[in-house]
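Here are my notes on the model, as numbered points. Please read them with the structure open.

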Amino acid sequence: MAANLDDDGEQTVSINEYLESIEEEELEADLVLGGDEGDECTYSKGYMKRQAIFSCLACTPEGNAGICTACCLSCHDGHEVLELWTKRNFRCDCGNSKFGEFSCKLSPNKDVENTENSYNHNFKGLYCTCNCPYPDPDLKEQVEMMQCCMCEDWFHEEHISPSSPNEIPRDDEGEPLYEDFICKACSVVCSFLTMYPKTILASGRQPVAADKNKVVVEDIPSNDEAGKLYNDSCSDAVQKDHLVADTNGEAASDEKSIVGEGSESNVSSSISGSIASSNATCVLVANWMAASLDSESRPFFLSKNWRDPLCKCDKCFDIYKQKNISYLLDREDSIAAYEENAKQNRDEKLQQREGAELNFFNNLGHVEKMEILNGIADFKDEFRSFLGSVDPSKAITAADVKQMFENLNNKRRRV
């Protein structure tokens, strides 16, 4: 929000700018919190598909616990708390064994530990491969970071890969052209995604260094060209995974620590309908049979609705379960879906609030209604008079506003 300076060098804003800033802050908070007003602890809801999570460094300095919005407000008010945005398949830890003698005020009867929760260095206030805090006290200007949709860690653009940020798909104005990002470490687990280049890999324009003295802008390969490029880069691990799923179905090891330990039960139930109606034939057979070995890991930038075309045959679904990444098949797992639900919750609450106010007014008697309407009319008249009396070249101060309300009170007393 732009601000002007008055004669004393203090920042000033217009009324419209102030109201717009309040609206933007409320909307941003609703998008992060998912419409959760923090009235009750979410522990009773189990491992929620996605919710806002906080880390209290005052109570758990090791960064091995997460708390919900309500517990952040009620149980840890005044503590050093980190906002972690959202986490998937997480259950509130407040007051369990990780908090010692500290007990949750909202839901004191909790299990000793939530074994299916997943934690990373974000809970200590550290991010990216550089393990730096955010905001970074050593930087004058904070650098924008990107979140991996699998491990949910945050990365600086310059640390995504050796060629980043030139690798990030952007339009001619520098705006990102992808919906989700997968970091290098997680891309090893889901290398099979390179079999879907025509539909899920984001494309755009990016600067490419032609030589040391010249920089040109080059198109990222189109979807068709990307198909030829990536069909030869898919790891033989995908073919091996299909064979394992077809024979004994045993879970792959060591991948849980890379992509998180979230519960698979919520995801499996939410996509069971689509699995039941899917074809038994794997849509990737033609591609993975011809895939060649390529152990190089690279970050993935995925286009809008990239989850829709993912194969849901029995073999592929078993592989997703083995890798603990079944959430990739769930559209509601995405941040975009989370924010869309938050917007809907916000609109519904605003409508309910307006309806409650209208019902309250309609249930009043005639005298009470006239008092309210007259009060509103008096305020409008006083506000117009106030705006007409102020010097437009000077900023409105708190004292000016206080005087306006004193004048209004005096007028009401005379009446």
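1. Start with helix α13, residues 366-389, in this predicted model. The helix has 24 residues, and at 1.5 Å a residue they should span 34 Å. The C-alpha atoms at the ends of α13 lie 35 Å apart, so the length agrees with expectation.

2. Which residues of α13 are buried? They are Asp378, Glu382 and Phe386. An α-helix has 3.6 residues a turn, so positions three or four places apart point the same way. Helix α14 (398-414) is among the elements that cover the buried residues of α13.

3. Now look at strand β4, residues 81-90. Eight of its 10 residues are buried, so β4 is largely enclosed by the rest of the structure.

4. Strand β4 pairs with β3, residues 48-56. The two run antiparallel and are joined by seven bridges. One place to check the pairing is Cys56, whose bridge partner in β4 is Val81.

5. A word on confidence. The protein chain has a mean pLDDT of 76, and 73% of its residues reach 70 or more. Over residues 273-277, pLDDT is below 50. Beyond near neighbours in sequence, the model gives that stretch three contacts.

6. Residues 288-295 also stay under 50 in pLDDT. For these residues the model has 21 contacts beyond four places in sequence.

7. Where is confidence lowest, and where highest? The lowest is helix α5 (residues 223-230), with a mean of 39. The highest is strand β5 (residues 126-127), at 96.

Technical notes
Residues numbered from 1 in each chain as written. Predicted model: local features only at pLDDT ≥ 70, side-chain atom pairs only at ≥ 80, totals over all residues. Heavy atoms only, no water. pLDDT = per-residue confidence, 0-100. Helix = DSSP H or I, 4+ residues; strand = E, 2+ residues; numbered from the N terminus. Contact = heavy atoms within 4.5 Å. Buried < 20%, exposed > 50% of the residue type's maximum accessible area, 1.4 Å probe, protein only. Pairing = 2+ DSSP bridges. Expected span 1.5 Å × (residues − 1).
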